[in-house]
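Work through the exercises below with the model open beside you. Try each task before you read its solution.

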Number of protein chains: 2
Amino acid sequence: MLRRRLLHHARRRHHSSSSASAASVPLSTPAFAVFGANTGVGKTLVSAGLAAALLSSPSPLVSSVAYLKPLQTGYPADSDARFVFSRAPALLRASSSPRATRLVASCRTLFPSPAVGAEAEPLHESPEKVLTYGGDGSEETKVLACRTVYAWREPVSPHLAAEREGMAAEDDEVRGCVEQWLLEECVAEGGEVWKLLETAGGVASPGASGTLQCDLYRPFRLPAVLVGDGRLGGISSTLSAYETLMLRGYDVSAVILEDRNLSNDKFLLSYLRNRVHVLTLPQIPEDPSDDLTDWFSESSSVFNFLKDALQSFHSRRIERLNSMQRKSKDLLWWPFTQHNLVPQDSVTVIDSRCGENFSTFKIKDNKMMLVPQFDACASWWTQGPDSNLQIELARDMGYAAARYGHVMFPENVHEPALHSAEVLLGGVGKGWASRVYYSDNGSTAIEIALKMAFRKFSLDHGILSESEKNIKNERNILLKVLALNGSYHGDTLGAMEAQAPSAYTSFLQQPWYSGRGLFLDPPTVYIKNESYNICLPQSMQHDPHDLGFSSQAEVFCKTRDNSSVADLYLSYIKQQLSEFSLSSNSEHLAALIIEPVIQGAGGMVMIDPLFQRVLVTECKSRKIPVIFDEVFTGFWRLGVESASELLGCLPDIACYAKLMTGGIIPLAATLATEEVFESFKSDSKLTALLHGHSYTAHAMGCTAALKAIKWYRDPSTNLNLVTDHMKLKELWDGALVMQLSSLPNVKRVVSLGTLCAIELKAEGSDAGYASVYSSSLVQKLRKEDDIYIRPLGNVIYLMCGPCTPRDSCTRQLLKLTMSEFISSNFVE
Amino acid sequence: MLRRRLLHHARRRHHSSSSASAASVPLSTPAFAVFGANTGVGKTLVSAGLAAALLSSPSPLVSSVAYLKPLQTGYPADSDARFVFSRAPALLRASSSPRATRLVASCRTLFPSPAVGAEAEPLHESPEKVLTYGGDGSEETKVLACRTVYAWREPVSPHLAAEREGMAAEDDEVRGCVEQWLLEECVAEGGEVWKLLETAGGVASPGASGTLQCDLYRPFRLPAVLVGDGRLGGISSTLSAYETLMLRGYDVSAVILEDRNLSNDKFLLSYLRNRVHVLTLPQIPEDPSDDLTDWFSESSSVFNFLKDALQSFHSRRIERLNSMQRKSKDLLWWPFTQHNLVPQDSVTVIDSRCGENFSTFKIKDNKMMLVPQFDACASWWTQGPDSNLQIELARDMGYAAARYGHVMFPENVHEPALHSAEVLLGGVGKGWASRVYYSDNGSTAIEIALKMAFRKFSLDHGILSESEKNIKNERNILLKVLALNGSYHGDTLGAMEAQAPSAYTSFLQQPWYSGRGLFLDPPTVYIKNESYNICLPQSMQHDPHDLGFSSQAEVFCKTRDNSSVADLYLSYIKQQLSEFSLSSNSEHLAALIIEPVIQGAGGMVMIDPLFQRVLVTECKSRKIPVIFDEVFTGFWRLGVESASELLGCLPDIACYAKLMTGGIIPLAATLATEEVFESFKSDSKLTALLHGHSYTAHAMGCTAALKAIKWYRDPSTNLNLVTDHMKLKELWDGALVMQLSSLPNVKRVVSLGTLCAIELKAEGSDAGYASVYSSSLVQKLRKEDDIYIRPLGNVIYLMCGPCTPRDSCTRQLLKLTMSEFISSNFVE
């Protein structure tokens, strides 16, 4: 029956994805993965010895051990499951149990390859053995269930066997079977149930699809038992295997290796600084006719120690996970969070991340679980990696830290800083930028951009004299920015001053904020009832017929430059600028700063691209430097590498962060034209741009940027790129989006690139940033639908990475569409 | 003769250090390190085959190959150097050379262990062989010099052999020999000289001291040739070995492995995404009597390919290094740098870092070299790691990236954020702080601290009403900070507003700066002419007898609280505060912000700790929240974990960054008391602290902080801790510091913890931030003395990490003391 279920499961997930999908892991049954430093180091001996030690354990009582060998080659001659099945009972018998024990042991192989043929049958459906032994008190029943999932005949690596014998086992199928096995309830009489998964070959041996063992099982992140190598050279292979597991985010619970009189264990323990148990087993007899009875008997104390070590590892893990909500409430201070409004049990405990999914600790139906949650806010809009890119980035982070650590930047150069500057200037900066100024985050990138713009403006407009770069008439000069209402550029004061007043800028939040800008009301674009509409600000009036579109392409079409709407925009802008200059002669609009196309923190609002294009053109004609804040929009967030491609015009200065490093590490860059750069040159240090941060252009950040930017752009790694490589295919199903836009509770929808945002209808205090209107929906999505949503007031959104498979997006979108909260007028 | 030189060299560096020292590497002679995925995979066959291919190479002509086996065990039965010596000539003969070749081949063993005994002698000083063969045209001479440095008899890992046979080989000795070998000029007739270093065992096999092969040779960072494993399981061990090399910052130039019909090479090439050459060798005969002549002959095309691959790897490397200065001038925009004042050839090309040292690319005496430079500004005061901590951090960075990538923070918790909060609160926050607010850098940590302080002050002083947290009388309220002249808190506008006017804050730099503070003139402390003195600001007058001290301990002594100087300070402070409050009734001093003990960017000025203590006490009594900016001073920078230990008083809020993560990755934290935290609590999101950055509490940063903070504190890893573990021993030799303070060109010296700063005498435009007065000294120190200094105007300083060995500090200090610029009145 299990076989049928697994088969069904495997077939259902028949699409093969090279990127790891999410997986649930129950924590009430301890589960460990047995990895090998190499092939032939004795993984199966360890599995068998450990299974026997567990089944013999009086305290805590273990009533059941489930052993899984997902991939077996050399079958039926070799069968690790059969070995465990046939040895563990004998070992158990040898152990002294005060009570009579009835052991129900079974061994099954689910999918033998066709090449295995009939020969396998007796083995692959071997019957249960029932053994009774021990004292004559009350009888207790224990279970040992050994399974092989896929078995191939040739004794080679599974990827070769799969190819040669014509039985594939795609990653999702294998993972589906493992997940099913982990979730499966075992018959257990009061005692603990343990699960042991034995991998194939070494830690980095390929599975059937070619995915490495360590990568294949990564979504489960089972604690590892690493079977090391006790021979000459074994220190090296054991440490390297350990590091390969570290580079996949595994925790190694114990290292166990054969003692070959080389004291490899002592060395390993010392090198690993006692962070992990290192155990030794007696030397394994080389005589193949030895049935190992004596060896197992000699080893039993080691396996008991191992069992204790794993039990204690497991309880400490559970204890940590259980205490984290409470401790976080006691010690942490979260940004943007009213702590009074966060009950302890609504704190999300994140155990790890794999690609687009968190693995979160939850108690579901009274059971502790690790449950995947789709990170629908892309962790504050930073995330790019699928699980493959995450592994590549992790390895690169280790490399960059080992090669450079951090090295300071002024007057220096190192390869990551130089090469990432090259790919920035050849990508988002192509056609306009010639300099890269690194900093730490979006906010600092903006402060730097403003300083650049102000200097350029001051020189162009005679506020500073070119010869001396001295200020000519300081007293009455106030430089301001031209910006749009609803804009947001970061939380440091300088960035804040460039945005319109909002909840973030009140005296309560930032007593020093004054808002040094002229803030225009922009026209916005949205989808409602399956059509695209422009919403004009109150101050503009126009024939509504010109304000609807049947497709997004029309909205972005450059022919609109000649429309009457373009004239409307231009006259509005000109009027605003002339009103400003009339009202003050000591104030200057010294920079235009906009988020191109989408205002993020302002509520995922799409600004009419025509309006921004007209505005940019007008500012350029007045020699007002133009800053694009691409911190949110850059690097494919909106489906193209730079949102300036959508706008069809270029800035003088632009800021990047978030997705730039793949979302793995903070780094920002302000790009500028050579003319802007020139305005800081002179013979005095005092005219240089005196702004920097300790970690400017740190090697790890630049290395991540280099890898991520290339990864997104490369059609061999980013399968979402459409053939001309200049944009992503549609990720959010158009039909579903249109359907959403027609739901009664939905006010508007914006869907572009990796973003799909929905504004819910809300009135009064339910609208706006402080609104907790959507919080019950958010809690439901987090708790029941396993989507990690974080709303912007009454705006909820889904966000994926540039490489996220479309079907994953569709799954999330369907959950949202089916939500009662959204689809009905009835508010919970 | 070479032996004597090496011997001398090895003995001179007789102190054993567990941390890697710096090393020079010439680049005119290509040098590669041959590493193995395991022992017994054929490293020596590859060395021999490669040596022969190189010596046979017509273009580019190679005239000399030097082969080095630093550590040999199983000697004399096994000798890899002898193998290469005995085989390569035969292989060379087999190759077709158009010209007659005279090959001078030699094989020497420098230090056989006593256990090797007399038996080794004939081998260990084997005579040169001179062979002539090939055509009868003009004769060309080629050289093959094979060396073993240390040889032990037992065929076990060197660390065991060294222990058992009583011949140690400390890391510095081995590295000294390797460096000497790399620098040694080979007899070469026009052609290239190549160097091949063959490691022992696998990549992570221990050397004689127990240091792993990959760690032992890391200071040279020779490009690696990785000899992989072609057997079953070989994909795993090869990939793991590759990852171990990546985790040490090595570049792998090629992977080469035996073909065992498993297509391991194809798999590896595909997994490594064609980033590295993967070559296969024919299967190695297992018959020990086979002299391998046929095998080498079959393999010659592979070795030729390998040779070509390495040659091209080397030329691309040189090309990149050579182009970096020019490219950096074209593309980068450095912070705090007037690009016009940086000639292309003064750009420092940093190839890597190892512990405290950069490895920089230089052309010295017309030769390209990688030269170590002591990073005397600790890369803008961030650096903590010695080479051991760097490796640990690199591995942790890979782990954290693989486990978490980045996960967003509000309402969430993950282990690194929680545990680093625990160590922060149990360390620098002990006794006062209860909450940790993470952010990105010092500047953002300060902006957050100010927001915290202003809220607390506003509630305490009735500016906001507690019930609603609404502002009561917004119109006329201006909150200001109380701060010290010369202070610096970062470059974002909010942080800047809290500092006194300076070159950084002019209209030219930041048109929005207004300086919202009352800035007091602090008394300072310095060493001159071997004594400690207090320099009072002009506004204070006191008997000079009370202003001198014979030791630093006296300066920090708490009994000074009862001195007349304390009274003087208090009355000055009270007077300033009352003058302020008289002059304005709408302005409030809502926070005290100070850098405790040392003002960093202000010129490494020591403020009289008594003054700061009096100031803090006075502010606390007035309910003005106290902020310590410990971005620079935190985490042992001044010899104690927190500078508040030196001051003897505690803040309400404190900011940390820089050293917090060991200097490997940006992260900041603002710590606060529970009272401060409470002032943001209510039932509305609008009163929460609405300040955050995308990467808040990112897992890599928190993981690094956790590791670094514990490392500094642990006497088993930080050997500079004095017995009570609460402070560092004296790192800058007291006698030398006193000597420096008496030099005529020195105005003052400050030496505390990891810092030793010297203000040079300078007048007028030579003084202050814009000064280029010290630039010739700086260039000399960088170019000739290999110390990377970056001055603050006329202040130069040396800075080490908390774990830097004292003798390394002394070496740098001696170079400075001996500098003519400093010791004489004569200015170059």
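Two strands count as paired if DSSP finds at least two bridges between them. The model used throughout is predicted.

**Exercise 1. Find how many bridges join strand E25 of chain A to strand E26 of chain A, and name the partner of A:Cys655.**

Solution. 
- Start with the ranges. E25 of chain A covers residues 653-656, and E26 of chain A covers residues 668-672.
- Locate A:Cys655. Its bridge partner in E26(A) is A:Thr670.

**Exercise 2. Give the strand order of the open sheet in chain A that holds seven strands, and name its edge strands.**

Solution. 
- Trace the order. It reads E15-E26-E25-E24-E21-E16-E17 in chain A.
- Check the pairing sense. It is mixed.
- Go to the edges. Strands E15 (435-439) and E17 (517-520) of chain A each pair on one side only.
- From one strand to the next it averages 25°.

**Exercise 3. Turn to the open sheet of seven strands in chain B: which helix packs on it, and which strands does that helix touch?**

Solution. 
- The order in chain B is E15-E26-E25-E24-E21-E16-E17, with mixed pairing.
- E16 (residues 478-484) and E21 (residues 587-594) of chain B pair in the parallel sense over five bridges. In E21(B), B:Glu587 is the bridge partner of B:Leu478.
- Place the helix. H14 (residues 442-460) of chain B packs on the sheet and touches E15, E16, E21, E24, E25 and E26 of chain B. Its direction makes about 20° with that of E26(B).

**Exercise 4. State what rotation superposes chain A on chain B, and describe how the two chains meet.**

Solution. 
- A rotation of 180° with 0.0 Å of shift along its axis superposes chain A on chain B, at an RMSD of 0.0 Å. That is the relation of a two-fold axis.
- Find the residue of chain A that comes closest to the axis. It is A:Gly398, whose C-alpha lies at 2.2 Å.
- Count the contact. Chain A gives 142 residues and chain B gives 143.
- Find the main contributor. Helix H12 (residues 387-404) supplies the largest share of the chain A side, twelve residues.
- Sort that side by class. It has 71 nonpolar, 48 polar and 23 charged residues.
- Compare the copies. 100% of the interface residues of chain A are also interface residues in chain B, so the copies meet through the same surface.
- A:Thr348 stands opposite B:Asn412.

**Exercise 5. Is B:Thr101 buried or exposed?**

Solution. 
- Locate the residue. B:Thr101 lies in strand E4 (residues 100-112) of chain B.
- Recall the cut-off. A residue is buried if 20 or more other C-beta atoms lie within 10 Å of its own.
- Apply the count. B:Thr101 has 21 C-beta neighbours inside 10 Å, so B:Thr101 counts as buried.

How values were computed:
Residues are numbered from 1 along each chain as its sequence is written. Chains are lettered from A and ligands numbered from 1 in the order in which they are written. This is a predicted model: local features need pLDDT of at least 70, side-chain atom pairs count only at pLDDT 80 or more; totals for chains, interfaces and linings use all residues. Copies are superposed by least squares on the C-alpha atoms of residues with pLDDT of at least 70 in both. Helices (H or I, at least four residues) and strands (E, at least two) are DSSP runs, numbered from the N terminus. Axes are lines fitted to C-alpha atoms, for helices over the stretch in contact, and angles run from 0 to 180 degrees between N-to-C directions. A residue is buried if 20 or more other C-beta atoms lie within 10 Å of its own, exposed if 12 or fewer, and partly exposed in between; C-beta atoms are placed from the backbone. Ala, Val, Leu, Ile, Met, Phe, Trp, Tyr, Cys and Pro count as nonpolar, Asp, Glu, Lys and Arg as charged, and the others, Gly among them, as polar.
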